[in-house]
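Open the model in your viewer and keep the selection tool ready. This tour moves from stop to stop, saying what to select and what is there.

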Amino acid sequence: MLPEFLSRTAKTKEEALSYITGLEDVKVLAGGTDLIVRMRKGEAYKHLVDVMEVPEMKGISCDEEGFKIGATTTHNRLSNSQFIKMNARSLSLACGLIGSPQIRNMGTIGGNLINASPAADTIPPLLVHDAVLTLESKGGERKEELEDFIIAPYKTSMKSDELLTFIHIKRKRFKDYREGYKRVTKRAALAISRLSVAWAIHEYEGLFHDVRLAIGSCTPMPFRPRIVEEFLKGNKKEEQIIIESVKMILEEIKRITGDRPSFIYKIPVLKDLLENILRG
Amino acid sequence: MVTIDFTLNGKRVTVDVNDNETLLFTLREKLSIKSVKEGCSIGECGTCTVLIDDETHYSCLTLSSKVTGRDVKTVEYLGNIIELHPLQEAFISCGAVQCGYCTPGMLLSAYSLLLKNKDPQDEEIKRAISGNLCRCTGYIQIIEAIRYAAGILKQNC
Ligand code: FES
Ligand code: FES
């Protein structure tokens, strides 16, 4: 049995915002694949506001700067979208690996971000794309980079009267990039990533032109090794450079996280993974 | 308490549900649909699988209020004792049922796959049932059964 609560279903964004502001001890419900599990284990709220029926918060649409994804778009919809496959391949791949078919039919991209797990599959691809979020409240809206939104494991900068409505990705800068997502798990389905990497790499006549990497599950928050991205810019695509840069990334991880028992396994696996990604 | 209205296995139903009630509970305790089982209650075993608008969902993680106006299907929709669905026939003839606890959920995941993909490869079948655990069969017979049923269904149409 779930703890007692009152639930409201919002039909519009305005309605959702009124509930969030007006009701006491309120939590937003989308697909429920994380929240309901946590509530089963005892997490309790007085009110839940279901936002899955708000039409404008669902789906993918283009705007002047690029495209935006509604926060309640399901993983399944994102992984099957031709548009996402073409414009954000790493995200498409990541969404197709989450949980199980049932979880992908229910769970949403917004929920995955708000949950802010170090192992969340959608975060590394969105970091690679410099995703920006729209957070709305009764008082107005603000935009924030995903990178700043997640402030600690399972913690975001979202205020209690705010609603995550959209995720923005800039227009097709990534046309001639090779892009992907790989993760390591204990088993194929219903698994949590032990290690994940999203990448988008542009090479030009034997030189790295732009390298974007995002690594999940190794540090408290998925992160971009920017120093190394910078180091690779304009550098030759040579074995020695690749080995050197991966070494720098691994050192950075150890610096951020400290030594962890799991690193005996993780570090060599990540090393191979990153080297192979850079070799392409 | 709210009154919800939805289509269950092709028929309109109206039922009063508590705000914190899951679809699993409503189906089993209020609508006598006992084919939907409770295993883990946390979205990992798949024995509570139902179709909502023909997509698989875990009913243990679905609040009942979410299915207002939707189309919900359970294994009762597929067939009955007099006339089984080809998938059900295939599960029996391929030995894909042992204790049967996972079977309703497996059948619905298989049914939902075949709606979208008439001729699935083994990898696609495995992916489609990856959210359903079976503690008895070792999966091989289930995969064979789904492949077999796909063949029969293709011939029929
Ligand atoms: S009871 Fe719902 S997934 Fe196990
Ligand atoms: S037949 Fe027993 S769990 Fe699958």
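A salt bridge here is a side-chain nitrogen of Lys or Arg within 4 Å of a carboxyl oxygen of Asp or Glu. Keep that rule for several stops below.

Two notes before selecting. The model is predicted, so local features need pLDDT of at least 70 and side-chain atom pairs count only at pLDDT 80 or more, while totals for chains, interfaces and linings use all residues. Residues are numbered from 1 along each chain as its sequence is written, chains are lettered from A and ligands numbered from 1 in the order in which they are written, and side-chain values use heavy atoms, with hydrogens and water left out.

**Stop 1: the two domains of chain B**

Select 2-77 of chain B as domain 1, then 86-156 as domain 2. These bounds come from an automatic or database domain assignment. The C-alpha centres of the two domains lie 21 Å apart. Domain 1 of chain B brings 19 residues to the contact, and domain 2 of chain B brings 15. Contact means heavy atoms within 4.5 Å.

About 1200 Å² is buried between these domains, and carbon and sulfur atoms give 58% of that. Buried area is the accessible area (1.4 Å probe) that two parts lose on being put together, summed over both.

Which side chains form a salt bridge here? Select Glu55(B) and Lys116(B): their side chains meet at 3.6 Å, N to O.

Now colour by element. On the side of domain 1 of chain B that touches domain 2, strand 3 (49-52), strand 4 (55-58) and helix 2 (75-78) each give two or more residues. Helices (H or I, at least four residues) and strands (E, at least two) are DSSP runs, numbered from the N terminus.

**Stop 2: helix 1 of chain B**

Select 23-30 of chain B, which is helix 1. Leu23(B), Leu24(B), Thr26(B) and Leu27(B) are buried in this helix. Buried means under 20% relative accessible area, exposed over 50%, partly exposed in between (1.4 Å probe, protein chains only). The cover over these buried residues includes strand 1 (2-8), strand 2 (11-17) and strand 3 of chain B. Step just past the helix: Ser32(B) takes a positive phi of about 55 degrees.

**Stop 3: Ser35(B)**

Move to Ser35(B), in the loop between helix 1 and strand 3 of chain B. Is Ser35(B) buried or exposed? Ser35(B) counts as buried because its relative accessibility is 11%. Show its contacts beyond four places in sequence: Thr74(B), Val75(B), Glu76(B) and Pro104(B).

**Stop 4: where chain B meets chain A**

Show both chains. The contact takes 27 residues from chain B and 30 from chain A. About 2300 Å² is buried between the chains, 53% of it from carbon and sulfur atoms. Select Asn20(B), Leu61(B) and Lys66(B): they supply 27% of the area that chain B buries against chain A, more than any other three residues.

Two salt bridges cross this interface. One joins the side chains of Glu53(A) and Arg70(B), at 2.9 Å, N to O. On the chain B side, strand 4 and helix 5 (122-128) give two or more residues each. Strand 4 of chain B gives the most, with four residues.

**Stop 5: chain A**

Finish with chain A. Select 6-50 as domain 1 and 178-279 as domain 2. Their centres, taken over C-alpha atoms, are 37 Å apart.
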